Structure formats: structure tokens, C-alpha cells
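Hi there,

Here is the structure I promised to pass on to you. Have a look at it first, and then read on for what turned up in it.

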Amino acid sequence: MTFSFDLLLEAILFGILLGGFYAAVSLGLSVSFGLLDIPNVAHPAVLLLGAYGAFSLGQYGVDPIVAGLLLMPVFFIAGALFYKTYYLVFERRGDAAAVNGLAFFFGVVFIIEVGLVIWYGVDQQSATAAYIGGSLELGDIRLPYRLLAAFSVALVMALALSLYLSKTFYGRAIKAVGQDEGALRLMGVDPVKVKQLAFGIATGVNALAGAVLLILAPIEPTMDRIYIGRTFCVVVLAGLGSMSGTLAAGLILGIAESIVLMFLGASWAPAVAFGLLMVMLGFRPQGLFGR
Amino acid sequence: MDLSRRKLIGTASSLSIASSVFSVPAWANNPIKIGMSMPQTGPLGAGGKAALLALKMWVEDVNGRGGLLGRKIDFNAYDDQGNPANTPGIYSKLLDVDKVDLLIAPYATVPTAPIMPLVKQRGKLLMGNFSFQVNAKVKHDMWFNNAPWNDAEGWFAGFLQAAKDSNSKTIAIAAQDQEFAQNLANGVRAGLARTGLTSVYDQNYPPTTKDFSSIVRAIRSTKPDVVFVASYPGDSVGMVNAAHEIGLGPTVKIFGGGMVGLQFTPVMESLGSKLNGIINYNTYVPGMPLKGIEDFFKRYTAKAVAEKVDPLGYYLPPFNYATGQMLEQAINATKSIDDKAIAAYLRANTMDTIVGPIKFDAGGERANQRVIMAQFRGVKDKDLEQFRSPQRQVIIHPTADKTGDAIFPYEQARKS
Amino acid sequence: MRFWLSCAAISIGAVFLAFSGANNYLFFAGFVVLQSIVLASAWNILGGYAGYVNFGVPAFIGAGAYAALMMHLAFAAPLLLQIAVAGIITGLIGFLVGLLTVRLRGIFFSIATVALVFIFETLVMNTPFLGGATGMQLTRPESGGLFPSYMRMLVVVMTGLAILAVATARYVQESHIGRGLRAVRDSEEAAECSGVPTLKLKLLACALSGALLGAAGAPLPMYLSYIEPASTFNLLYAVSALAMPIIGGMSHWIGPVIGAIILASLQQIVTVTISSELNVLVVGLLLVVFVVAAPEGIVGLVKRWKSSSK
């Protein structure tokens, strides 16, 4: 593979756009796992549900991004209810629930996957929109519009969530509940309700992120598996609980993947996220920006 | 005759008349079981469903004529989703649980490759279904492939001719890492020295690849004259879309080659004008003179529309119907359903089918190849019926079927 | 003593079956059930006894399968040698994984094991010698040695492996190793403070578990006469290996056996009669149901029923 600076520049630009997207799909996990310590392995599967939801709405002519926004409240409510169930079954029992909690989420992953296969079939599905198919020409560089769209939405989502968590009362409560539940209770806030809110937000964000996934590439039911690697890589790389760290980590992953894709070929790309994850877990499990 | 014997004869004859009126006809009691799996969902599903419809048509036609050897045909096709992990289990089940008499292979190389060792071990005849060189390593002597190609040289000949005519010197190769694409690409790679083309880009990408813009970008940077792609339907569409989104660059004269999927009419309809200029393989283009095929298409289209399957059915269905015809001729000639007997007949004879005469070589592939290389021209968006016209796919090779010359460079051909 | 007698009886039974006229498909499906017993028992050594959820079972199965393939292609090694070498290699991998993840708990350990699956799969995809992403067709030896067919021989070998796996699990459970692992599972910090050699025990469990998982994967290329990475490194193995001990019960070595027999048989029946998608749904649903309603598994239910009926 011939190396040239043009190609490298293009790979980096592509990687930044892709990285923004990876950050967006990891935001929910940053909240549910990073802040609340819930072993939510089902996060990418819910992401895929959002993508398929946007696809279904797209069959009625709804633009993917609009579909994502429409699905957000639905996912929020579903997430809040789901957390309540999880809390009642697992967290309150407090037994050696590590195995059981993880097993539960892995089971959920497969149920969602099979559900999607049964409902939609194993075929790839993709969306059509005005901004899918063309690209921005900057000299010899081509940046596909769908990537630019994905990146913009991602940026807005990351900013919005970050502001919410740092500027509003309940946002700060979410950050606090992971650190000191007792103190929160003393302030008159019910930690369970706060966690419900947090999980609801994490799931709601997934709806829009899923719609963005649909814009980016065709979807099929087993896609969630590689996103387990990408989302956990971003969250671990960032360090648990850091929202701005999530954005930076996403960019790092995006650029790394893009460079490997360009210069080593598509056959090595699947290992980048997981490889980076292993390296982080082995040498710096607390991440780059963690608490 | 005394009374008791008359009574006996009377009772016997009335009983036999009664039994012949009320019993199930013998032909349906002892059916010939033909079994297979077919990709009906998954990446190959669009083609598989059309192929299956043609096979079912053949079964209906034969049963309407009284079956084979006076026995009804019992036909069953499972869905393997185009996934090679599913076929060994399905074919084991067909042999040991369903106990079928005869096997047909699933459509396409990838689902067929895993069952080749199995059918060889069990000594079963396998009627191949549009696979490419899948028997090359296993060398099963009871394998017969209905596709009109043999090896990479035959396939590549038309594409190579276009490259020569356009004075091309360099080639970029992109091939999916799976049995079909690798067989084809390796054949092309092996023959490069003879062609005078130098490879400037050569990449195998895994089947899970969804984003082709990086591949297209990398190809562009090497400024090739020819771009050869070997891919399955999902990535063929991906590559065509990426070529439009990112652009292959002004140097490219010829683009196409071995992209499966660009022959399925639903795919052709959805890609529309993005197809223009691509030079790709096919097995049948409207206008080719073949006896009996027009009548087949009429009947096929009626059923296909009802079942929401590829309505034009140009690529696979006629050849699947031909598979049935070959089996019919072999079984009727040898008066048996024994695998070895049928295999011997198929090897020794030329069979007459709706896609013309079919003759096999020692490896079970076509002795009389007829791979069509055609260039898409003047294709409009969202129009299915336009593909009934021979002008949408101009045949540039073989000479016997040629309807026009290739237009290059690719950028110019796109606008044709 | 009773245990070893039953094992002997099962072995003899398997040999008899292999020489009988039973339907071929029984052996095709039976192989899968026996393999599941090995996988479930091996998983439970690390997961049930020590509390470390290994979700990278496909990585070890795949490593075992491809190690066996390599032995077959490079040295034309006989099946038993393939299995032995595969077991040694994957045991080593297990040991190294244990070493690398020594500081990781809970979900981090599990995610690291998932990472292994994709990394190994990518390595195989980039190794043309092993077939790459395309895969490889294989010719089995013509005969099954002493047995009527190769498949029947495979099933007898698999029975032997299953007995080995269960015996190992039983030994670990009843020895000081098991006591130490249980201490680690209940509270690793307390265990360390009490002087339990947690690191050594964890590494031992990782190595044993890994070796058995790899040995279970080794016969796969010969079983199918075909191998390719996507189905070999399939995460479905992971969720099955997790579900079987949970359904059966993680605290006792008989649990994984019960879970494996029930789940694998159910899966085979569903695949033959309905479809292969539904078989995945069965696993997922049973797993969730048992985790929520009966986390102690069938063994736990039996214990409770026994103690309540006293």
C-alpha cells in the first residue's frame, strides 16, 4: 500500500468524522456503565433497535434523523422501566450478582438479535435520504455527506448531554449517584429515581444514535457484536464517567480505525477497537481521562 | 363352474375393481424425493428465490406429465440463508432424516463449498447451481454445474478483451474474501502475466465489510486503467454506491468484472442509472436466441409477480429449469434414479435444454462455455421494464453474441 | 467410586451405540450435545466456581479448531494428537489471558474475553494458510479406524472428552482448588487477606478451562469436513456455554451436565423441526428466565425441593 500524505490526511479527516459517530453511539454507555456501573452489554443491541426503528419509520417516508428524534421519548420510557425491573431483580437482591447481571444482559442481547432476525430477516437494510450518496469535494479529497451528517448530529448530542449533566440539577444528581448514593439521599433525592432517569436518558440517546448508524451504513441484525467492541473501547479509553473524554476517545478510535483501514486493509479493521480495548485494559484500565 | 368358485371369482374381481377406484394411485405412494437447501433470505436471497421458483415450475411440469418413471416428484427446499455454516447440517438432515433420493446444490459457491466433501463421502450425485470452481479441490466425480462458465480464463476473456481494446496497462483488483470471489480473483491474478496488465492495487476484504469508500479511495489513489471487482450482491451494491459517492477517478477506462447481484432485476432497478458504463458478466441478455426460452419467461413472470419475486428472471431461473430438464432426460434414459447411472449419462451426453445444449467436461463444469460480458447503457432510475430491451446491456463478448462495442473511459460511458 | 463406575458404563454404552445400526443423524446431533457438555463443564470451572464470566468461549473453541487444522495440514497428525496439541495451546492461551487480566474484575474481564474472539477471528482471516475468511474444504480419512465410520469414531472420542471434562470439574470442585476458588468468588479481597493464593488459583482455573474448551473445538474441522472463521468464532457458543451451567446450576459439577443435555438436545430438536433462528431464541429466553427466577439452576431447585419436603 503506497503511503502518501494526501491519503493520510484524508484518512485522518475520515477518521475524525467516523470518530464523532463512535462517540455518539457510546454516550449512552458512558452514562449507564461509566456513571452507574451497570454492566450494560446490551447497549449496542439497543442501538441496533434504534436503527431498525428508524428504518421502519423510513418505510413511511420519514427522514432517519427525524425518526430518531421521534423514537427518543419512546426509548426513554422503555429504558426507565427496564432499569426499574433490573433494580428490583438484581441490585436489590445484592447477591453475588456479578455473574447473574452479566448473564442477564448477554441473554437480552441475543433475544434482541433473534427478534430482529425474525421480524426483519437477515438481509441488509439501508436508508435513503437527500444527504446519502454524494460527497463534499475538497481538492482531491472526498468526504461523504452521510459522514458529515452523522458527525454533526453526534456533536450536537454530545454537547447537549454534557451540558445537561453539568448544568442542571438532575444532571448533576446523575453524576452524584454514582459517587455517593448516601449523600444524595440526604439531599432529599431518591437515588433509584435518579438512576431510572439516567438509564432512560442513556436508552433515549441510543434511539438517535441508532438512526445515525442507519444513515452511515447498511444494517443487519448481527451488527451489534462488533459495536460491543467499539462502544466499550471508547468508554474504557475515555475513563469511566467522563463525557468530554468520550468525545476524545471516540475520535482516537475513529482515526485509528481509519488509518488501519486505509493502509493495512479492510481485513484488519475489525480488530482495531478490540485490540485498543485490550491494550487499555492491560495497561491503563482507568482510561485517559477517568475519575 | 360351480357356485362357490363363481362367487370367489366375482368377489375377487369386484374387490379389485373397487380397490383400483378407491386406492391412492401408485405413483404418489412411492415418490422420488428431491431435496436441497436454497438461500431464500440473506445476501443471495433475491437470486435464490427466483431460482427456486424455476425449479418448482419444473417439478410441476413433470408431475403434470405423469412424473418420472411413473413416480411423482416430491420436492423440498430448506432455507440456508446463504450462510455456509448452515448447509452441512441441512444436507446431513436431507440424507439421514428426510432420506431423499437426489440432491441439488444450493445456489452459489459459498453455501455449496462446505457440502462438497460430504456428498463425495456419501457417494451422492450433486447438481451444481451456479457455483464457480467449487469442485476444483474436492474433485467429486458426480458433480454437474449448470452455470455457463468453466474457469477464470473463460470468465475473464471478455473483460480482458475490453481492457486490450482500450489500451489499458494497469489493473486494480478488489475481491471479497469468500470462496467464489477468491476463486475468480485468483484465476485472474494467475493470468495477469499473459495479459500485459500490471496490478497496482490488490485487496481482499472480509465479508463483514460495510463501508467501501475507503477501498474506493485507495483504488483512486493508485490511478488504475482497469478496476476489477469480484463480489456478492451486498458488496456489489456497496461498491457501485461508493464508486458514485467518492468517484473512481478520471483514469479508469473499464470498471466491473465479476460482481454478482447486478444481474438480479430488483438490484438493477434500485441502482438505476448508477449502473451505466459498468462492464459486468451475465448469463442471459434479452435478444439472445434460445429455443423455448420466451415461453418459459412468460410462464415464469406470471408466477413471479404473484409471489413477489424477481419478475423478469433473466439470470438464474432458466438455468435452474435446465437443471431439472437434465435430470429428467438422464432419469428417463437410464430408467433409474441411481446416482452413478445418472452421473454416467450426464458425463457422456449433450443435454438439450431451454438455455441451449449443455455438455460437461471431466470436472463437472461446462465444456461449452458462454459467459456474456455486457456494458450497461442508457439505464434510467426506477424503471424495471426497461431491462426487457436488449439495448440496456450491450454485449461486447463473446463474438457470436456481440451487439456492440465497449465505450470507454468509464466516466464517459457513465453518461451514455 | 460410583462416579467412575458410571463413567465406565457410559463409555461402554457409547462404543456399543457406535457399532449399532442407529441412524447417522443421531451421531451428527449427538456430537453437538457431547461437545456442549465439555463446553459447559469447562466454562463452569472458571465461571461457576471462581465467578469470572468468560464470554470469549468462541475464541478458545476457534483456537482449538484452527490449531487442530494446522496440525492436520502441516503434519497430517491423527485426531487424538490434534486434540492434545489443541488443548495444550489453548491451555497456554488461557494462562496468558489470566495473567493479562489479573487486575480486572467483573465486566472488564468479560469484555476482555469478547475482545479475544474478534482478535483471533481477525488473525485467522488474515492467514491464507488456514483458509482466511473463505474457509477450507477438508477430506476426512476414509475409515473410522476400528469403528464403522469416521463420524461414529468422533462421537466416541467426544464421549471420552466429556468424561474427562466432567471428571476434571468434579476434581476441582472437591479439592482445595475448589475451596480456594469459591473463596475468590465470594470475596476476592477477603480471600487474599486470609492467605488464599488467589493468583495461582485463578491462573490454574483459566488454564484448565481454556484447555478443555480448546480440546472441545479441536474435532470441529473433521466433524464438518469444512471450516471457516465466521461460524467457528460465533458468539452463539458464548451464550450457550453461559446458559447451560446457569440452567443446570453453577455450584455443582452435575449442573453443567444437566444444563448441556437439556439445552443442546432442545436446540437440536428445534433446528431439525422448526428453524435455526428459533434455536437462538430458545437459548436467550431460557437464560434470562433462569437468571431471573432460578439463579441457582436446576441443582438449586432440587436442593430447595429436597430441603422443603423434609
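**Two domains in chain B**

In this predicted model, the C-alpha centres of domain 1 and domain 2 of chain B lie 29 Å apart. The assignment for chain B gives domain 1 as 27-148 + 291-358 and domain 2 as 152-282 + 377-414; such bounds come from an automatic or database domain assignment. Where the two meet, domain 1 of chain B brings 16 residues and domain 2 of chain B brings 17 residues. (Two residues are in contact if their C-beta atoms, placed from the backbone, lie within 7 Å.) On the domain 1 side of chain B, α3 (45-64) and α5 (109-112) each supply at least two residues. (Helices are DSSP runs of H or I with at least four residues, strands are E runs with at least two, and both are numbered from the N terminus.) That side of domain 1 of chain B divides into twelve nonpolar, three polar and one charged residue. (Ala, Val, Leu, Ile, Met, Phe, Trp, Tyr, Cys and Pro count as nonpolar, Asp, Glu, Lys and Arg as charged, and the others, Gly among them, as polar.)

A word on bookkeeping: residues are numbered from 1 along each chain as its sequence is written, while chains are lettered from A and ligands numbered from 1 in the order in which they are written. Since the model is predicted, local features need pLDDT of at least 70 and side-chain atom pairs count only at pLDDT 80 or more, whereas totals for chains, interfaces and linings use all residues.

**The sheets of chain B**

In what order do the strands of the five-stranded open sheet of chain B run? The order is β2-β1-β3-β4-β5, with parallel pairing. (Two strands pair if DSSP finds at least two bridges between them.) β2 (73-79) and β5 (143-145) of chain B are at the edges with a single partner strand each, so one side of each has no neighbour in the sheet. On average, neighbouring strands of this sheet are turned by 20° against each other, direction ignored. Look for β1 (residues 32-38) of chain B, which pairs with β2(B) in the parallel sense over seven bridges. There, B:Ile32 stands opposite B:Ile73.

Chain B also has an open sheet of seven strands, in the order β7-β6-β8-β9-β10-β13-β14, and its pairing is mixed. Its edge strands, β7 (198-205) and β14 (393-397) of chain B, each pair on one side only. From one strand to the next, the twist averages 25°. β10 (residues 279-282) and β13 (residues 372-376) of chain B run antiparallel and are joined by four bridges, with B:Met373 as the bridge partner of B:Tyr281.

Helix α7 (residues 152-165) of chain B lies across several of these strands, including β8 (226-231) and β9 (254-259), and runs at about 95° to β14(B). (Axes are lines fitted to C-alpha atoms, for helices over the stretch in contact, and angles run from 0 to 180 degrees between N-to-C directions.)

**Helix pairs in chain A**

Two packed helices are described by the angle between their axes and the distance between the axes. In chain A, α2 (residues 43-58) and α8 (residues 191-216) pack at about 60°, with axes 7 Å apart. That makes α2(A) oblique to α8(A). (Angles under 35 degrees count as roughly parallel, over 145 as roughly antiparallel, 65 to 115 as roughly perpendicular and the rest as oblique.) The contact of α2(A) with α8(A) has twelve nonpolar, five polar and no charged residues.

Helix α5 (residues 145-167) of chain A comes within 9 Å of α8(A), axis to axis, and the two cross at roughly 165°. That makes α5(A) roughly antiparallel to α8(A). Among the residues that meet here are A:Val153 and A:Met157 in α5(A) and A:Leu208 and A:Val212 in α8(A). This contact of α5(A) with α8(A) counts eleven nonpolar, no polar and one charged residue.

**Where chains meet**

Chain C has 37 residues in contact with 32 residues of chain A. Which helix gives the most to the side of chain C that touches chain A? It is α5(C), with twelve residues. That side of chain C divides into 26 nonpolar, seven polar and four charged residues.

Enjoy exploring!
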